[in-house]
Amino acid sequence: MALGSFFIWSHTYSLMRKSGILYEKLRHDDELPISSDQNPDTIKVEDGEASKGTDQDAENQIIVPLLSGEELGKKKSKFWEKLNDTLHMIYEELLAPPNIAAIIGFIIGVIPWLKSLLIGDTAPLRVIQDSLTSLGAGTIPCITLILGGNLMEGLRKSTLKPMLILSILFIKYIILPLVGIAIVKAAAQLGFLPKDPLYHYLLMIQFSLPPAMNMGTMAQLFNVGQDECSVIFLWTYLAATPALSFWSTIYLGILS
């Protein structure tokens with residue numbers, strides 16, 4: 001669950017943030033008025049000439065021989081630029097507030113003297129731990145309210161095609177539980193897991209849960225994909241009740 005939280009608040013958080021920025025930019029471009037001196041016929045002619053020029057360039061490029069050393073150098077520089085952009089993106093993803101908090105928590109938990117300062121009835125700085133616990137407990141009802149709002153919006157929205165919703169349900173409640181059974185059984189056979197059926201059951205049930213409520217929080221935070229998120233949440237949480245009952249029975253049968 002901790003690794004899943006890292007994935008949600010790093011990769012998924014970055015995707016939602018970029019989608020929100022792109023959505024705002026596209027909406028801003030759509031709201032810009034078209035200048036009166038731009039004649040559509042002129043634009044078409046210019047586009048036609050541009051397309052002809054592009055075709056001629058393409059024909060000329062066919063005659064060009066193999067890549068020269070200068071072009072190879074440009075390709076290498078582009079590769080390093082892409083690599084640098086990728087590393088920078090990973091760095092930004094790791095700087096998401098929940099990830100920073102989790103990293104700090106892991107550091108405090110690993111170092112004994114830091115842990116003794118914050119955690120425990122006799123810790124001198126236990127007030128910090130108590131405050132963080134109270135704040136963390138308050139986020140649960142807030143996320144639940146956001147989830148309820150998304151479910152209510154889903155009743156009035158139909159922006160997604162039924163086939164797409166069925167595909168999501170099929171992957172979420174049929175493919176993923178089967179994958180979970182295979183992973184847990186393989187890990188148990190290889191000796192990575194203790195011989196505790198309840199522990200195996202909890203690992204398997206993780207593959208059958210509905211989508212994380214944090215997705216709805218991100219959609220509200222960045223103001224993007226709210227309608228789609230509400231519809232997906234509605235149907236996945238409605239299907240979660242029979243799906244969890246069915247797969248719980250299967251898991252108990254496998255582990256008994």
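Good morning. The structure is a predicted model, in which local features need pLDDT of at least 70 and side-chain atom pairs count only at pLDDT 80 or more, while totals for chains, interfaces and linings use all residues. Residues are numbered from 1 along each chain as its sequence is written, and side-chain values use heavy atoms, with hydrogens and water left out.

I begin with the chain as a whole. The protein chain contains 10 helices and zero strands; here helices are DSSP runs of H or I with at least four residues, strands are runs of E with at least two, and both are numbered from the N terminus. Of its 256 residues, 22% count as buried, a term that means under 20% relative accessible area, with exposed meaning over 50% and partly exposed in between (1.4 Å probe, protein chains only). The chain exposes about 18,400 Å², of which carbon and sulfur atoms supply 68%; these areas come from the Shrake-Rupley method with a 1.4 Å probe. Contact means heavy atoms within 4.5 Å. Among contacts between residues at least 6 apart in sequence, 75% join residues at least 24 apart.

I turn now to two helices. How do H7 and H8 pack? Helix H7, residues 162-189, and helix H8, residues 197-205, pack at an angle of about 145°, their axes being 9 Å apart. Axes are lines fitted to C-alpha atoms, for helices over the stretch in contact, and angles run from 0 to 180 degrees between N-to-C directions. On the H7 side, Ile 181, Val 184, Lys 185 and Ala 188 meet His 200, Leu 203 and Met 204 of H8.

His 200, in helix H8, counts as buried because its relative accessibility is 11%. Beyond its neighbours within four places in sequence, His 200 is in contact with Val 184, Ala 188, Leu 193, Pro 194 and Leu 255.

Ser 208 sits in the loop between H8 and helix H9 (214-222). With a relative accessible area of 0%, Ser 208 is buried. Its contacts, again leaving aside neighbours within four places in sequence, are Tyr 173, Pro 177, Leu 244, Trp 247 and Tyr 251.

Finally, the aromatic rings. Trp 247 and Tyr 251 also belong to one aromatic cluster, together with Tyr 201 and Phe 246. Across the whole structure, a search finds four aromatic pairs, where rings of Phe, Tyr and Trp (its six-membered ring) pair if their centres lie within 6.5 Å.

Key: Rings of Phe, Tyr and Trp (its six-membered ring) pair if their centres lie within 6.5 Å; planes under 30 degrees apart count as stacked, over 60 as edge-to-face and the rest as tilted.
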